[in-house]
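Please keep the sequence and the model open while you read.

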Amino acid sequence: MQFLTDKNGALSPFRMSIAAGAFGLLMLAISVIGFFLDQESRRTPYFPPVPAGVEQWGYPVPEGNYRQQIYYRTQSMPVEEVAAFYNDQMLAHYGNNASDPEAEQCQRFPETGTFADEQVNSYGERVRSDYDPLTQPAYHYTCMFDRSGFNTSQWTQVTIYPGIPNADPALDSQGYTVIWFQQEWSN
C-alpha cells in the first residue's frame, strides 16, 4: 500500500494512475491471450461424447481440409435411447434447461412414422415417398453441436438412425444403431 501513498501518507493521484494503468494493461494482455486460445481451440474437430458401448465403425473420412465424417455403431442401445443421450448432451453444451421450450434438441425426421409411410406435402396432399429400405434409413434424428465463434467455424452434426442391411459385411449395419458425425472446423 506504500506504493500508492506519498511522503505524507496521503493517496497519490499520480501513483494511483500508474497502478490503474498497469492493472488495465494486465487485463488487456489476459484478454488477448484468452481470445487467441479460444480461436486456437476451434482449429480441430469438435467431438461430442459418445454413449458407453459405442464403437467407431471404420476410419474418419476426410472431405477436404477442414471437413470429415465418422461413423459409430452400437447394438446395445436403440435409436431413441441414443437420441435421448444426445438431447442431454445438447442441453449441457448450450447451457439450457430441459423445461425451456426454446432449448436446442435433436430433431426427428420425419416427425412421426417412417419415410416409407405416405407423407403429406406442403399442400396438405398425401403422397408416396420414393423411400428405398436398402439404401436409406426409415427415419433419423439430427443433433447440431455448434461452437462457431468470431471468424471461426466449428460444428458437428450428429445423425442417429437404425442400421441398413447391406450385402457387404463391412457395410452391413442391420441390427445396429448408427451414429454419424459430420464435422467442420476452421483452419
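## A first tour

Pro110 sits in the loop between strand 4 (107–109) and strand 5 (119–120); strands are DSSP runs of E with at least two residues, numbered from the N terminus. The model is a predicted one, where local features need pLDDT of at least 70, side-chain atom pairs count only at pLDDT 80 or more, and totals for chains, interfaces and linings use all residues. Residues are numbered from 1 along each chain as its sequence is written, and side-chain values use heavy atoms, with hydrogens and water left out.

**Backbone**

- A cis peptide bond, with omega of about -15 degrees, joins Phe109 and Pro110.
- Asn151 has a positive phi, near 60 degrees, although this residue is not a glycine.
- For context, most residues other than glycine have a negative phi, and most peptide bonds are trans.

**The loop between strand 7 and strand 8**

- Asn151 belongs to this loop and counts as exposed at 72% relative accessibility (exposed is over 50% relative accessible area, buried under 20% and partly exposed in between, with a 1.4 Å probe and protein chains only).
- Thr152 is also found in the loop between strand 7 and strand 8, but Thr152 is buried at 9% relative accessibility.
- The side chain of Thr152 reaches the backbone nitrogen of Gly149 at 3.0 Å.
- Ser153, in the loop between strand 7 (140–146) and strand 8 (154–162), is buried with a relative accessible area of 18%.
- At 3.1 Å, the side chains of Ser153 and Glu184 make a polar contact (a pair of N or O atoms within 3.5 Å; within protein, one must be able to donate a hydrogen and the other to accept it, and residues adjacent in sequence count only if both atoms are side-chain atoms).

**Aromatic rings**

- The structure holds 10 aromatic pairs, meaning rings of Phe, Tyr and Trp (its six-membered ring) with centres within 6.5 Å; planes under 30 degrees apart are stacked, over 60 edge-to-face and the rest tilted.
- Tyr139 and Tyr141 form an edge-to-face pair, because their ring planes are at 80 degrees, with centres 6.3 Å apart.
- Both Tyr139 and Tyr141 are buried.
- Ring pairs also link Tyr46, Phe85, Tyr86 and Phe145 into a cluster.

**Charges over rings**

- Arg108 lies over the face of Tyr139, at 4.2 Å from the ring centre (NZ of Lys or CZ of Arg must be within 6 Å of the ring centre and within 35 degrees of the ring normal).
- Arg73 lies over the face of Tyr176, at 4.2 Å from the ring centre.

Notes. Helix = DSSP H or I, 4+ residues; strand = E, 2+ residues; numbered from the N terminus.
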